[in-house]
Amino acid sequence: MKNAMLKNALVEIVRTKSRFISIFGILAIGCGFFAGLTVSENDMKLSSDTYFDNSRLMDFRLLSTYGFDEKDITALEESADDVHVYPAYYADCFLGENEGGDIVRLYSLDEPEKNNEYNTLLITDGRLPNSPDECLLDGSTLHSSYKIGDTLKLSGNDIEEDLTRTEYTIVGFYNSPMFIDDTGRGNTTIGSGAIDTTAYIPQENFTYEYYTTVYVTVDGLTPYNAYSDDYSDLRDEVKEILEKVGDERKVLRREEIVSEAEEELADGEKEYEEQKADAEKQLDDAKQELDDAKQQLDDGKKELEDNRKLLDDAKQQTQDGKKQLADSKKQLDDGKKELDDSRALLDDTKKQLDDAKQELDENLPKLQAAEKEINDSEKQLSDAKKQLDDGKKELDDNRRLLDDSAKQIADGERELAASKKQLDDSAKQLDDTEKQLNDAKKTLDGSKSELDAAKAQLDDTKAQLDSTKQLLDAGQAEIDNNRALIDLQVEQGLITEQQAQAMYAALNQKQQELDISKAQYEAGLQQYNAGYEQYSDGLEQYNKGYQDYLSGVKAFNAGKQLYEQGLAQYESGAKTLEDSRKQYEDGEKQYAEGLKQYNDSLKEYQSGLEKFNAGKKEYEDSLALYKEGEKQYNDGLKQYEDGERQYASALEQYNDGLKKYNDGVAEYEQGVKDYEDGEKAYSDGLKEYEEAKSKYDDGVAEYEKAKLEAEEKLSDAKAELDKARKEINDLAAPEWYIFDRTDNTGFSEYGQNAERIRNISLIFPLFFAMVAVLVCLTTMTRMVEEQRTQIGTLKALGYGSGAIMFKYMLYGLSAALIGSVFGIFVGMKIFPYIIMNAYGMMYELPQYLTPYDFGLMLLVVLAAFILAGVTVYFSCKNILREQPASLMRPKAPKSGKKILLERIGFIWKHLSFSRKVSMRNLFRYKRRMLMTVVGIAGCTALLLTGFGIYDSVSDILNKQFEEISLYNGMAICQDISSTGRRETTELLKEYDCDAEAVYQKQITVKSGKNSADANIYGVDSNETLKKYVDVRDRITGEKYDLGDDKVIINEKLASLLGGVKVGDSITLSLSDTESADAVIGAICENYAYHYVYISGALYQELFDETLPYNTFYFNTPYGDDAEEEWKDELAEKLMEIDGVAAVSFKTSVGDTFRQMIKSLQLIVVVLIVCAGILAFIVLYNLTNININERIREIATLKVLGFYDKEVSVYVFRETVLLTLLGTAVGLVLGRILLDFVVRTAEIDIVMFGRDVHLLSFIWSILLTLVFAVIVMLFMHRKLKYVNMVEALKSVE
Amino acid sequence: MSFVSLDNITKQYRMGDITINANDCVSFDIEQGEFAIIVGPSGSGKTTVLNILGGMDTPTSGVFTVDGSEISSYDRKKLISYRRFDIGFIFQFYNLIPNLTAKENVELSTQSAKDFIPAEEILEKVGLKDRMDNFPAQLSGGEQQRVAIARALAKKPKLLLCDEPTGALDYATGKMILALLQQTCREEKMTVVLVTHNSAICPMADRVIRMKSSKVEEVRLNSAPSPVETIEW
């Protein structure tokens, strides 16, 4: 029996595969999702804990203000059994040769060539150091610019004192369990305050007297997960023990230090007294020696002064003699010069005179020749004049002759024109006449032809008349003959009278007719004669006209001959005239040439005359000049001879003076030599004295200095001793700090992130569980309904309810079991892996562990089981209660009923027929309606969440780096001098950058119990701030101004500080000792990091110092699109300036976030895939049920002749409506879900965008619809092949 | 040629390895305006013939024509149009759409017809003037069948096909429905083909086609059909 039922159930599963698969699928997704996300938290924690355990991450880290000595270590080691204590060193310094660069924390590798037993490093590349000058570098992405083999240079913070060497060769890279995150390496007291990277160097390099830190691991803690409560409880217990050790040790440690110091102090005081006495004695001896030297010096000085006076007198004498000699020399030189001048003058005069004489002699013959030439020219000119006058006369005669012939030609022309006119008139007359003649001829010819025609007619008439006449005559003759015959016959008696009478009558009749014809003939003859007469008249007239015409022709021919003679005459006259005119024109041309020749000759004559006159005048002037020159020459000669005599006497005087002067010079030179010898002797003495004096002064200074020094040293020593004493008295006990793992930000953030995933894992699966229940319920209910009859049969056959339900239970539970197990197995691997991969970009973990959590698995399978079981139970419950008989009958179809909408007439009436049907169907199956809406809404919500997360994160990039941060680059400075600052400003200006100095430092901001790390951002004015940051409200977009009394902070910081508001006061702590309260003036939009914007004035007021600018922000002329070469060049030049520590451009800062977004795409894809599966399952399942349930209805429609498309539309219209409704609900739901996810997933240093882009809404809607359309297309095929005959065959 | 003509219609169903002949060389004619009854025991293939006549099924071989068109050569699409415009179908279980009122059920078939009788008019004719706005569940069996007849007639079909129209009705109601069909045939000159296993009603038909074991056993013309009222069974 059982076997049959089991078989029945199994066959059922095979038969209804799609139904089984949909239950299986929804449960697989639901369970997989839930189990996967739930286990993710544990997997994350397990993966990291395994790493921590394997690398023996320290449980505690101890710091002390005095460091730790061996006794401290021993005390710690003895505090508990399972405690391992590892003393170690660390030091902070700058990377690179210059201070101000990135900060590195150096840790010690305790044993050579061996990894530390605690915080064991994972060597990702290279090897461990095996000599003291080698190191390992942090393998995180923070410092990718170094590679193995590079030298790590260190500087700053007196590192030379703490380390034996400052240069190390990098031999490997590591990941440390202490720093699983990528974002930071802790804080320090130097530089910007944030450690950028870490390195490990062999321990022997540290020169510290005490250990700087101690790491503690506890064996008892290892079994517990580092994030578990068990771990933290036990850890706190151990911590208490350690604290107790610390309390004891710090008192003891102080005592040790104090007693040691006291001893040292006593020694110091003793030494001080001894040294003081010694110094005083030495000083006194030196003083005595100095006084003796002073006496000797004074004596030497007096002797020198006497010698000086003697020398000065001798010097005066020599100087006087020298002056006299110079005067005489000058007089002699003057005289000599005068003499030379006179000589030269005389020579010049002589030469001039000779030149003049020669000139005069040359001019005389020239003058005589000129006179002769003038006379010849005069004669030539008068001849020419005469010739010209003759030419003139001839020309005038020609002119007169020409004028006469011109007049004659004009007359001839006039005559010719007159005769031409006459000829033209005659020609015209002739033409007229000819035309008249032609007309007349034509008329005559016309008359002639008319006449000929008339003649022909007349002749015809005549012929007719003649023939008529003949006929008439013949008739008459016949009559007559007949008459005669009759008469004859009568006579002969051949015929009777009576017969004859009748014959006569007939003949008379004929005679009468003949007479009439005769009369007609006569009339015709008469007509003919009249016509002929007319014709004769016409002919006569014609002949006369013709005669006239002939005489006219003759007259015309005579006229024409006359005209031709006249024309010939005219033409010969015209030719003659033409010849005369040509002759005249030649004459005129000849005359014009003669006139031109005459005028040229006249002009030539006149110019010759002018030249002649000019030559004549020149000659006369030359003659006068010659005479004057002759006179001057004679006067000059006389003067020259006088001068020559005067010069000779002066020369004699000069020679005497020169001799006297030479004697004086020899005398003077002897005097000078004597004086110089004296002077040399004196200066030697003086030098000797000064050397002695200098030596003495040095001695004195040395003495004073030594004395002062000694005194100072003594008093310093005294002060130091006093201070030491005071310090010893004031000495505080050392302070111990005990840190555990939670103080490591990476460690605790990772834990928080894991918990965030758990939060998300609660909401999604809840949703899927709901859908799963709905799917199971509707599917099972439908299945039971379909098998009503079968159930009835089974019941009738005597099976109990339990046995019947067994089949359905088996069906439902096996689907649930297989589905949930499958889902869990897949989900538990896939989801944690995806999530850890996504977090992998922020956390360095060596491996991802995704073990199966069988406890959870069992729990989920059980839940799925119960869920399916309860669902099946409820689906069967009602039907099993019915009687077999009623089960055998078809279930009364659900009666149709009016829906609410039908009562609203005006809407209902406007709906088309098929829409009405759809509306009614919608409300007919409420459960399915609900399920479709929920399923589709879920699909849309998941899609929107997926896209929304992507939007939120990409907004960080888009908004933070495109809209809010307006700067293009920044240069960070460390202890920069004012020169360096000026150089930086100038360099940036040279590159067309708009730069301003800003103060930026990481500080701690507190409000009540809450605190957060933020960047203080100090600017001199609001304008500077506006250049580099868009300070605005996220929602309203309102721009905020930075005032001098309040600070502006960003939104996320405000919420981290417990939701502080505008007007609240917050505490800004620059360091442990410097803090001040400030009032919030505005809260602005910001996505990455936190900022407190403060004005210089407020900073001054709060911290009592001007803004210590340490950063230059700048905007390049190319914005963010500057070329890499350009940026590199600028950065390089900036780095060359002393004090500039780092240069960065905004574009590279954004890259970190870009990477983060990439891994989020994976999550978006997962969500889209889940949404798609959800939509498919829900829609497919529902549509399938819908079709099965209404198969008769559909078959009926097909029988009624509905086309395939119409059937599909009829069925799917509801689905479409519900899909649209579900999509709308899903958008709202998705927005809420997204908000929850974003808030949960957000990390502290960033704020995700809160806006969902319009495009994401559109995509969510579109994808949902695409999923729906795909399902419908699939179902359309199914509908098309519904077998009508089969469906309508019978009612079960 | 006759109005309806079947020539050697054979229909085979393949069920696994076995081939079942539902119709085996079925041939008969029906003239326009005739009331034809196909009668035979269960499984004799009469419903298959009706389904083929109604374009719901296609013959494996053979030719049949209606009003000169060769329906047996129609493709799927053409068959739908044939059902839509030329055929009125009446089932044993009415096959009304439960979610539509009587009037809407009729409108369902008229909304796509080229020429039709308004729903109100035809419903009034079958005597359901007052029940027009009732859903099928609120009507008795006879009333439901009358709605089905109204739905079939409303689109003025060439052929009215009835598959055991009285099978689910009591005697009196069944008689009334048959009377309505006979009246429609006489008054509207409608060609009616009725399938039944009840040979007692044969006298009402103009033509009786007897089927047995998938074959036509006999075709008999009845020159004087009796009114339904006089027939007892």
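Predicted model: local features only at pLDDT ≥ 70, side-chain atom pairs only at ≥ 80, totals over all residues.
Close-up 1. The residues of α14(A) that are buried include A:Val917, A:Ser918 and A:Met919, together with A:Arg920, A:Asn921 and A:Leu922.

**Close-up 2. The open, mixed sheet of chain B.** In chain B, 6 strands are arranged in the order β6-β7-β8-β3-β9-β10, forming an open sheet with mixed pairing. The edges are held by β6 (87-90) and β10 (215-221) of chain B, each of which has a single partner strand, so one side of each lacks a neighbour in the sheet. On average, and with direction ignored, neighbouring strands of this sheet are turned by 15° against each other.

**Close-up 3. Strands β3 and β8 of chain B with helix α6.** Strand β3 (residues 35-39) and strand β8 (residues 191-196) of chain B run parallel and are joined by 5 bridges; B:Phe35 has B:Val192 as its bridge partner in β8(B). Helix α6 (residues 171-188) of chain B lies across β3, β7 (159-163) and β8 of chain B, and runs at about 155° to β8(B).

**Close-up 4. The contact between chains A and B.** Chain B contributes 24 residues to the contact and chain A contributes 22 residues. On the side of chain B that touches chain A, the elements giving two or more residues are α2 (76-86) and α3 (102-110) of chain B, and the largest share, 5 residues, comes from α2(B). The residues on this side of chain B comprise 12 nonpolar, 8 polar and 4 charged.

Definitions and conventions. Residues numbered from 1 in each chain as written. Chains lettered and ligands numbered in written order. Pairing = 2+ DSSP bridges. Helix = DSSP H or I, 4+ residues; strand = E, 2+ residues; numbered from the N terminus. Axes fitted to C-alpha atoms, helices over the stretch in contact; angles between N-to-C directions. Contact = placed C-beta atoms within 7 Å. Buried ≥ 20, exposed ≤ 12 C-beta atoms within 10 Å, placed from the backbone. Nonpolar A, V, L, I, M, F, W, Y, C, P; charged D, E, K, R; others polar.
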